[in-house]
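Me: I would like to learn how to read the contacts between aromatic rings in a model. Could you take me through them with care?

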Number of protein chains: 2
Amino acid sequence: MKVGIVGLGLIGGSLGLAIKQAQAHPATQPTIANLPWTVLGVSRRAETCQHAVSQGVVDEADVDARLLTAADLIVFCTPPGTIAPMVEKLKPQLQADTVLTDVSSIKASIVAAISSHWPNFVGGHPMAGGSESGLSAAQASLFEGRPYVLTPTASTPPEALARVEALVRCLKAKLYYCDPVAHDRAVAWISHLPVFVSASLIAACGTEPDKTVQSLAQAFASSGFRDTSRVGGGPPELGLMMAEANRSALLPALYAYREQMDQFIQWIETQNWTAIALALHQTQQARPTFLSDRDR
Amino acid sequence: MKVGIVGLGLIGGSLGLAIKQAQAHPATQPTIANLPWTVLGVSRRAETCQHAVSQGVVDEADVDARLLTAADLIVFCTPPGTIAPMVEKLKPQLQADTVLTDVSSIKASIVAAISSHWPNFVGGHPMAGGSESGLSAAQASLFEGRPYVLTPTASTPPEALARVEALVRCLKAKLYYCDPVAHDRAVAWISHLPVFVSASLIAACGTEPDKTVQSLAQAFASSGFRDTSRVGGGPPELGLMMAEANRSALLPALYAYREQMDQFIQWIETQNWTAIALALHQTQQARPTFLSDRDR
């Protein structure tokens, strides 16, 4: 099987490394299908292509996407907005049975956009990442034990799904299936909402009018502020993409959040300590139900 | 100097260990005054007293606070609400020049409550801690390089302040001075507000009515949710204490937060992507100004 990877950053690079490692140790990968797999990489930058080959991330790489003409499976690891235009452009050069998939953190709009002109498309979302980005941060074990969501629809050809499933098994990821819309609502809660919750915290802390208090706040901020503000201080383009591409699921999550916040504010205003104690007890109980052992 | 520690948990235990370590290596502690120091510990539990002595955290320990009658400096490492009643009770047995200090995360109310009947009081707040609690988590280096805030007032005797300063230097902490009210406003922003921001996130995620989406959210939650929800899933009594004891500083911080959140919601509603991109760029820029190198 020939696997094409478009975009050789953290995710694309780690995909390549994981496939190449599975090749090197086929005995530990009983489920890997149609060995040997060849990995073809495409990046906008010639330098990244060279690095990817020299570091054993891919077998071949090129800035020209025509390298993928013979691919059986192509994984798009570029920003969500770039995928549909790229598929449009590549379309005339692809074999009809080539399967396409992506790794975007939103699914409904992408599945709708691509499936309509390339039926052999399966939406995917590996729940893996890290604070580092780029090819140099790539690691073969990035997806191991992490959720990898596939969002086939009623019209997804079973053979197309099987090909992407083979890839996910090769990565040793934990496979989940769900509806694209349900996926987007789920990630709105646990991934997109936290970005705006966290960004609002940083923005609020910047509004203290007293310069002395502001300096003290900056000097005293510790692990509580560090953790709560982390995703709100991340790359702006990531938060912007979430808001734009998942607006319809994010807004209801933000409204629900504002209601909870208003409730806490009202309890503090009215000194309803019993209600606050109960609510904080419930959040303490609820948090572990959202975390795997790995994240606790 | 005889140093009494009331409450032998993470903070009290670490204080004891740090002082004992400084005793063992006086050459590395040029600023430590009036060596040798003796450490006296008081805990409600006899078992904790025994552990503290056997583990070299204190020289002597007792469940009876009368052990502290001869102390030159007493550090209260128990919850904020317990300090004033304990001072009241200890008062008849203390020498008039004994200096008292505490380690609570709120200062204005405690400074007002204690100073009125014990002038030799200096409010203190070491900005150190960890996810573990209790004596077994104590470590001599807990305060090293971390901020340690003292909140003397116009009526604080200089000799009392000097005695607490000697303790802070012994811990190798980074000494800050500020007004108790300014302290409470600063910690409201970076320590107390995050707890309610974070708890509201957990509470909001629990409101998803569709059980399938709820299960997916739980399965997909990863480092972003883990970090943003950490302090909101902590001990309820901690958040409750912050809300009760620092209500007057916390409420304005919550109002400012709600305004920022409303602003983000409005921008997403009106699809004002330019404003969101700019705001997220600003939060990305602002976050590092709140973090020491150690926390980045």
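**Aromatic pairs**

Reply: A:Phe196, B:Phe264 and B:Trp267 form one aromatic cluster. This is a predicted model, in which local features need pLDDT of at least 70 and side-chain atom pairs count only at pLDDT 80 or more, whereas totals for chains, interfaces and linings use all residues. Residues are numbered from 1 along each chain as its sequence is written, chains are lettered from A and ligands numbered from 1 in the order in which they are written, and side-chain values use heavy atoms, with hydrogens and water left out.

Me: What makes two rings of Phe, Tyr and Trp pair, and how many aromatic pairs are there over all chains?

Reply: The rings, with the six-membered one taken for Trp, pair if their centres lie within 6.5 Å; planes under 30 degrees apart count as stacked, over 60 as edge-to-face and the rest as tilted. By this rule there are 10 aromatic pairs over all chains. One of them is the tilted pair of A:Phe225 and B:Phe290, at 4.9 Å centre to centre with 35° between the planes.

Me: Why does the pair of A:Phe225 and B:Phe290 join two chains?

Reply: A:Phe225 lies in helix H8 (residues 223-229) of chain A, while B:Phe290 lies in the segment after helix H11 (273-286) of chain B, so the pair joins two chains. Helices here are DSSP runs of H or I with at least four residues, numbered from the N terminus.

Me: Is A:Phe225 buried or exposed?

Reply: Buried means under 20% relative accessible area and exposed over 50%, with partly exposed in between (1.4 Å probe, protein chains only). A:Phe225 is buried at 0%, and B:Phe290 is buried at 1%.
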